[in-house]
Amino acid sequence: MALPLPAGLTPAEVAFLCEMELVTVIPRQRLEGLQLLGGSIPPLTPPYRSPLPLWLALLLKRQRRANILPPPWLSPSALDAILQLETSTARFSDPPPLPYASSTGIPTSPPFLPSATADAPPDALPYHWLEVGEMLLEAASDDIPEPDTVRRLMRDLREVRMAKMRAGVEVLEGGREVKMNGVGAMEVAEGRAFIGGVVDGLRKIGAGKETSRREREAEERENGVTRAGDDEDDDMSV
């Protein structure tokens with residue numbers, strides 16, 4: 001008997017989807033073009049830059065056939081500026097702007113945006129910032145300036161943003177809404193469990209209160225107790 005699948009994407013599935021993100025590579029040798037299901041890969045000629053899917057860039061990096069240019073937001077100065085913004089406001093930092101529509105007229109949307117290439121904006125975290133950063137730090141740390149500092153800043157950013165998500169859950173308990181604009185894919189996958197648990201708990205509490213109210217009203221009717229609102233309703237009906 002198959003076990004039921006969890007709701008939403010798991011962190012492993014989010015990391016798999018992240019490998020479709022485009023990154024910029026500098027080939028170290030000539031490579032022929034490829035025909036893939038997601039499109040064609042042009043021939044690679046050093047020292048010219050070329051955008052490649054993350055999974056292919058990591059493969060070429062491990063084979064020492066290409067170097068990966070880290071996105072501008074994966075630098076110590078950019079991460080430090082974003083961290084200061086995150087700690088100075090209760091909302092999440094704004095995501096990068098959506099690119100213009102393609103030749104088909106259909107605009108590109110997350111998670112398949114060119115937000116991890118060398119031309120990405122340096123002051124905004126993309127949808128897959130956490131997964132891209134961890135993969136590049138693991139496989140291409142020699143291509144990233146000050147990798148230890150970058151790793152520490154990413155850890156601090158992750159803690160600050162997760163604290164904001166937990167604070168947003170407390171707002172839900174008061175019956176208010178919370179905006180999650182700018183939250184990344186892995187943050188959603190990791191926070192779905194406790195956010196969903198809180199929402200389910202609030203739903204059960206609300207259902208329990210409604211049941212108790214109906215039982216109390218039924219008991220009062222049996223005992224001949226009427227409320228002021230009920231008397232007004234009777235007068236209006238007369």
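Good morning. The model I am presenting is predicted, and every value I quote is computed from it.

I begin with the overall architecture. The chain has 238 residues, of which 32% count as buried. Its secondary structure consists of seven helices and five strands. Read from the N terminus, the order of elements is α-β-β-β-β-α-β-α-α-α-α-α. Among contacts between residues at least 6 apart in sequence, 71% join residues at least 24 apart. The chain exposes about 15,000 Å², and carbon and sulfur atoms supply 56% of that area.

Leucine 9 is placed in the segment before helix H1, which covers 11–18. With a relative accessibility of 41%, leucine 9 counts as partly exposed. Together with Phe16 and Leu17, Leu9 makes a nonpolar surface patch of about 290 Å².

Helix H2 spans residues 54–62, and its buried residues are Leu54, Leu56, Ala57, Leu58, Leu60 and Lys61.

I now turn to the charged pairs. Side chains of opposite charge can pair when their charged atoms come close. The count of salt bridges in this model comes to nine. I shall discuss three of them, and then a network.

Which residue forms a salt bridge with lysine 164? The partner is glutamate 86, and the closest N and O atoms are 2.7 Å apart. Lysine 164 belongs to helix H5, residues 147–173, whereas glutamate 86 belongs to helix H3, residues 76–88, so this pair ties together parts that are 78 residues apart in sequence. Are these two residues buried or exposed? Both lysine 164 and glutamate 86 are buried.

Lysine 164 has a further neighbour of interest. It lies over the face of phenylalanine 92, 5.7 Å from the ring centre. As for rings facing other rings, a search of the whole structure finds zero aromatic pairs.

Glutamate 134 is partly exposed, because its relative accessible area is 41%. Arginine 158 is likewise partly exposed, at 28%.

Arginine 152 forms a salt bridge with aspartate 156, and the closest N and O atoms are 3.7 Å apart. These two residues are four apart in the helix, so about one helical turn separates them. Arginine 152 is partly exposed, with a relative accessible area of 39%, and aspartate 156 is also partly exposed, at 23%.

Helix H5 also contains methionine 154. Its relative accessible area is 4%, so methionine 154 is buried. What does methionine 154 touch, leaving aside residues up to four places away in sequence? The list is Leu74, Leu79, Trp129, Leu130, Gly133, Glu134 and Leu137. The C-alpha atoms of methionine 154 and aspartate 80 are separated by 9.2 Å, although the two residues are 74 apart along the chain.

Finally, I come to the backbone. Most residues other than glycine have a negative phi, and most peptide bonds are trans. The following positions depart from that pattern.

The peptide bond from proline 46 to proline 47 is cis, with omega near 5 degrees. Proline 47 sits in the loop between strand E3, 39–41, and strand E4, 50–53.

Arginine 64 has a positive phi, near 60 degrees. This residue is found in the loop between H2 and strand E5, which covers 66–69. Is arginine 64 buried or exposed? It counts as exposed, because its relative accessibility is 66%.

Glutamate 146 also has a positive phi, near 50 degrees. Its place is the loop between H4 and H5.

That concludes the presentation. Thank you for your attention.

Key
Residues numbered from 1 in each chain as written. Predicted model: local features only at pLDDT ≥ 70, side-chain atom pairs only at ≥ 80, totals over all residues. Heavy atoms only, no water. Patch = residues over 30% accessible without salt bridge, like charges linked within 9 Å, V, L, I, M, F, W, Y side chains within 5 Å. Areas by Shrake-Rupley, 256 points an atom, 1.4 Å probe, with all protein chains shown as cover. Salt bridge = Lys/Arg side-chain N within 4 Å of Asp/Glu carboxyl O. Buried < 20%, exposed > 50% of the residue type's maximum accessible area, 1.4 Å probe, protein only. Phe/Tyr/Trp six-rings, centres within 6.5 Å; stacked < 30°, edge-to-face > 60°. Lys NZ or Arg CZ within 6 Å of the ring centre and 35° of its normal. Contact = heavy atoms within 4.5 Å.
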